[in-house]
Amino acid sequence: MSARILDGKMLAQRLQQELKNEVELLRVRFGKTPRFMNITIGQEPSAGSYGKSQKRAADFIGIDYQFAYLSSQVTQKELLDYVHGLNEDPDIHGIMLHKPVPEGIDFQQAVNRIVPHKDIEGMNIANLGLLMLGRTNIIPCTSAAAMALLLSCGIDLAGKEAVIVGRSEIVGKPMMLLLLEKNATVTVCHRGTSKAGRLIDQVGRAEVLVVAMGKPGFIKGAWVREGSVVIDVGINAVNGKIVGDVEFDEAARRAAFITPVPGGVGPLTAVMLMKNGIETFKTQMQMV
Ligand code: NDP
């Protein structure tokens with residue numbers, strides 16, 4: 001079997017166009033367009049590739065996307081006060097705090113200071129709680145992107161064996177909740193699974209495999225189940241090239257669908273951030 005490629009760039013373009021149309025309708029209805037602030041500490045905010053792709057997506061959609069640069073010397077209190085100021089500003093409809101933050105800054109505490117209806121990354125504890133209950137439209141962006149690609153292949157997830165490798169707060173855990181919501185039977189693997197020598201078996205059972213480890217080519221193509229859907233979230237720089245966590249060529253011979261790296265989950269992530277932000281904007285427009 002030779003897998004069909006799940007093209008994240010194409011899906012991102014389609015979704016961006018839909019969001020652009022929605023923003024135009026919202027502008028007509030409310031007389032305003034969404035305005036978001038990306039807070040970056042200790043580095044040039046728009047320099048990173050994620051920052052650039054956020055700005056590109058926002059510009060296309062018609063969102064005013066700003067970067068706030070805070071010095072690496074900023075204290076936790078100053079950061080919390082800064083976030084509070086943005087919370088109180090009626091012209092800011094969405095806030096995100098760029099990772100990594102310098103040592104000494106408590107990222108989660110600062111994200112929890114963002115009011116839930118301006119938390120465009122969905123990493124605020126209130127939004128994560130709502131995600132757990134299946135009651136929010138604000139979905140952590142990377143898992144939202146992975147899910148959009150998965151659904152784009154038309155698979156009915158109910159009862160499917162879904163295996164996630166990686167249990168981070170930003171990818172693996174939200175993915176687990178999203179797959180459960182779709183009635184998949186979900187297994188989450190981590191270093192403990194590997195140490196017990198059980199990772200190969202778990203991967204081999206997966207009808208849907210989502211990998212977010214940050215380890216280039218760790219998942220061997222030969223482990224992948226025939227006819228499965230493989231979503232590779234990993235982004236790793238190796239000898240000047242970006243590669244995923246899954247050994248692509250061999251996996252693509254066995255899977256029915258597979259995401260490339262680059263060009264799979266990555267291009268969709270910034271668009272999902274904008275999608276979340278449009279939800280927060282709508283919530284705020286309905287609050288006034
Ligand atoms: P983390 O480092 O936070 O988590 C990695 C996870 O992989 C952990 O749960 C860890 O297990 C697990 N893991 C590591 N080694 C092994 C092993 N040998 N066997 C089994 N499990 C293992 O990474 P992130 O979730 O933040 O990111 C993962 C990848 O996704 C990275 O390549 C990152 O660049 C990429 N990424 C891509 C994004 C995109 O937009 N496309 C956005 C965010 C991330 P344990 O918990 O036991 O330590």
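In this tour a residue is called buried when its relative accessible area is under 20%, exposed when it is over 50%, and partly exposed in between. Please keep in mind throughout that the model is a predicted one.

Begin by selecting Arg35 and Asp64, whose side chains meet in a salt bridge with a distance of 3.0 Å from N to O. This pair links distant parts of the chain, since Arg35 belongs to strand β2 (residues 35-41) and Asp64 to strand β3 (residues 64-70), 29 residues apart. Is Arg35 buried, exposed or partly exposed? Its relative accessibility is 25%, and therefore Arg35 counts as partly exposed; Asp64, at 29%, also counts as partly exposed.

**A pair within one helix**

Next select Lys77 and Asp81, which form another salt bridge, here at 2.7 Å from N to O. Both residues sit in helix α3 (residues 76-88), and because they are 4 residues apart there, about one helical turn separates them. Lys77 is exposed, with a relative accessible area of 56%, whereas Asp81, at 40% relative accessibility, counts as partly exposed.

**A loop tied to a helix**

Now move to Glu226 and Arg254, whose side chains meet in a salt bridge of 3.8 Å, again taken from N to O. With a relative accessibility of 22%, Arg254 counts as partly exposed. If you then select Glu22, Glu279 and Lys282 together, you will have a network in which these residues are linked by salt bridges. How many salt bridges are there by the rule used here? The count comes to 10 salt bridges.

**The ligand and its surroundings**

Select the ligand, and then the residues around it: 21 residues surround the ligand, and the closest are Arg167, Ser168, Arg191, Ser194 and Thr269. Zoom in on Ser168, where an N or O atom of the side chain is 2.5 Å from an oxygen atom of the ligand, and then on Arg191, where a polar side-chain atom lies 2.7 Å from a ligand oxygen. On the side chain of Lys215, an N or O atom is 3.1 Å from a nitrogen atom of the ligand. Taken alone, the ligand exposes 930 Å², of which the protein buries 76%. Which elements give two or more residues to the shell around the ligand? They are α8 (191-195) and α11 (266-287).

Turn to the backbone and select Lys99 and Pro100, which are joined by a cis peptide bond with an omega of about 5°; Pro100 has its place in the loop between β4 (94-97) and α4 (107-113). Another cis peptide bond runs from Val261 to Pro262, with omega near 0°, and Pro262 is found in the loop between β11 (257-258) and α11.

Then select Asn183, which is not a glycine and yet has a positive phi of about 70°. Asn183 is in the loop between α7 (172-181) and β6 (185-189), and at 53% relative accessibility it counts as exposed. Asn239, likewise not a glycine, has a positive phi of about 50°; Asn239 lies in the loop between β9 (236-238) and β10 (241-243) and is exposed, with a relative accessible area of 77%.

As the last stop, select Leu130, Met132 and Leu133, which form a nonpolar patch on the surface and together have about 310 Å² of accessible area. Leu130 lies in helix α5 (residues 125-132), and at 30% relative accessibility Leu130 counts as partly exposed.

Note on methods. Residues are numbered from 1 along each chain as its sequence is written. This is a predicted model: local features need pLDDT of at least 70, side-chain atom pairs count only at pLDDT 80 or more; totals for chains, interfaces and linings use all residues. Side-chain values use heavy atoms; hydrogens and water are left out. Patches are made of residues with over 30% relative accessible area and no salt bridge: like charges are joined within 9 Å, nonpolar side chains (Val, Leu, Ile, Met, Phe, Trp, Tyr) within 5 Å. Accessible areas come from the Shrake-Rupley method with a 1.4 Å probe; for residues, only the protein chains shown count as cover. A salt bridge is a side-chain nitrogen of Lys or Arg within 4 Å of a carboxyl oxygen of Asp or Glu. Buried means under 20% relative accessible area, exposed over 50%, partly exposed in between (1.4 Å probe, protein chains only). A residue is near a molecule or strand if one of its heavy atoms lies within 4 Å of it. A polar contact is a pair of N or O atoms within 3.5 Å; within protein, one must be able to donate a hydrogen and the other to accept it, and residues adjacent in sequence count only if both atoms are side-chain atoms.
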